[in-house]
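Q: I'd like to go through this model quickly. Can you take my questions one by one?

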Amino acid sequence: MAATGTADHLAWEARQRRPAAIAAILAAVLTLAGSVYGGIVFSDVPRGGLLESLERAARPGAVAQLPSLRIPVYQFYNDHAAGVLASTVLRALGLIGLGWALTYLAVATRARRPAFPRFAQYLPIIGAILSALATLLSTVATIIAVSDFLDGPRTVANADEITQNGLLVTAQLLNLPGLLALAVGIVLTALNAMRSGLLTRFMGVLGMITGALLVFPIGSPLPIVQCFWLFALGLIFLRRWPGGTPPAWESSEAIPWPGTNAARRRGGASDDGRADSPQPAATQSRAGGARKKRKRRA
């Protein structure tokens with residue numbers, strides 16, 4: 001965790017900047033690689049069986065002891081277990097990198113914005129670890145359950161037992177709180193980092209979208225938005241952001257990204273805090289002419 005004191009904290013950020021940048025970039029690469037590789041592994045998975053399932057349902061008698069129609073799918077899964085596990089490991093490592101990078105950003109944000117809740121800076125790493133563990137456990141549990149199914153009678157009843165595997169249920173119980181903690185942590189960190197000036201408006205909004213997409217995935221099955229945001233975050237940490245490094249990184253105080261408020265401050269402010277807005281010359285001229293006309297009429 002970061003050291004206390006302004007100088008000590010900035011020194012801590014300088015020491016941790018490169019590891020956090022590497023973690024963010026690796027998280028982007030590993031997450032994308034794991035998703036792409038997983039899609040390749042499952043591209044040839046057997047499909048079909050719906051019509052035969054409906055025909056079975058219409059037949060009299062129980063179907064529990066009949067051979068499962070998902071035997072080809074489970075056989076495929078068992079034959080490609082190594083590829084499935086490799087894809088899972090890549091995605092799990094990507095989650096750990098995400099949690100590391102976000103925790104660094106969260107600590108830096110709280111140092112400049114005390115309103116940022118203390119507990120929120122721990123949400124990314126807690127959520128990432130739980131999600132990574134749930135991802136690994138789910139794959140391992142499925143591989144074991146599928147292998148046991150193929151070694152047994154392969155009936156419909158045995159196929160239903162796959163989803164009731166104790167390790168798989170544990171993984172599901174870990175995944176929900178982990179996913180929610182990670183999503184909330186990303187949204188809160190991105191929002192407060194943007195308000196403190198550590199992230200540009202574009203990066204802040206994109207970070208909040210990234211957090212929301214973890215809970216409500218829409219669009220492409222590949223996490224393009226998440227990977228792009230993580231890679232860009234790594235560039236900011238390395239001071240390689242194309243638009244220039246946000247000035248708040250060089251200070252111990254919040255320096256919001258330039259916007260309309262900054263523009264009003266550059267325009268000048270009166271003693272009561274309101275921006276000076278002198279009337280244009282043409283407006284003043286029309287006002288003076290109107291006063292002269294009223295005097296002549298009087």
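Q: Which helices each supply at least two residues of the nonpolar patch?
A: Helix 4 (81–112) and helix 5 (123–151). Helices here are DSSP runs of H or I with at least four residues, strands are runs of E with at least two, and numbering starts at the N terminus. A caution on the source: this is a predicted model, where local features need pLDDT of at least 70 and side-chain atom pairs count only at pLDDT 80 or more, while totals for chains, interfaces and linings use all residues. Residues are numbered from 1 along each chain as its sequence is written, and side-chain values use heavy atoms, with hydrogens and water left out.

Q: Which residues form the patch?
A: L85, V89, L93, L136, V140, I144 and L167. Together they have about 480 Å² of accessible area. Patch residues have over 30% relative accessible area and no salt bridge; nonpolar side chains (Val, Leu, Ile, Met, Phe, Trp, Tyr) are joined within 5 Å, like charges within 9 Å. Areas come from the Shrake-Rupley method with a 1.4 Å probe, and for residues only the protein chains shown count as cover.

Q: Take I144. Where is it found?
A: I144 sits in helix 5. I144 counts as partly exposed because its relative accessible area is 41%. The classes are: buried under 20%, exposed over 50%, partly exposed in between (1.4 Å probe, protein chains only).

Q: Switching to charges. How many salt bridges?
A: Two. The rule is a side-chain nitrogen of Lys or Arg within 4 Å of a carboxyl oxygen of Asp or Glu.

Q: What does E13 pair with?
A: R112, at 2.7 Å from N to O. The pair links distant parts of the chain, with E13 in helix 1 (residues 6–41) and R112 in helix 4, 99 residues apart.

Q: Are those two buried or exposed?
A: Both E13 and R112 are buried.

Q: And which residue does E250 bridge to?
A: R239, with the closest N and O atoms 3.4 Å apart. Both residues lie in the loop between helix 9 (224–237) and helix 10 (260–266), 11 residues apart.

Q: Why is E250 called exposed?
A: Because its relative accessible area is 57%. R239 has 21%, so R239 is partly exposed.

Q: Back to helix 4. Is S87 there buried or exposed?
A: S87 is in helix 4. S87 counts as buried because its relative accessibility is 4%. Beyond neighbours within four places in sequence, S87 is in contact (heavy atoms within 4.5 Å) with G34, Y37 and G38.

Q: What is F237 in contact with?
A: Leaving aside neighbours within four places in sequence, R17, A20, A21, A101, Y104, L105 and W249.

Q: Overall, how many helices and strands?
A: 11 helices and zero strands. Of the 298 residues, 38% count as buried.
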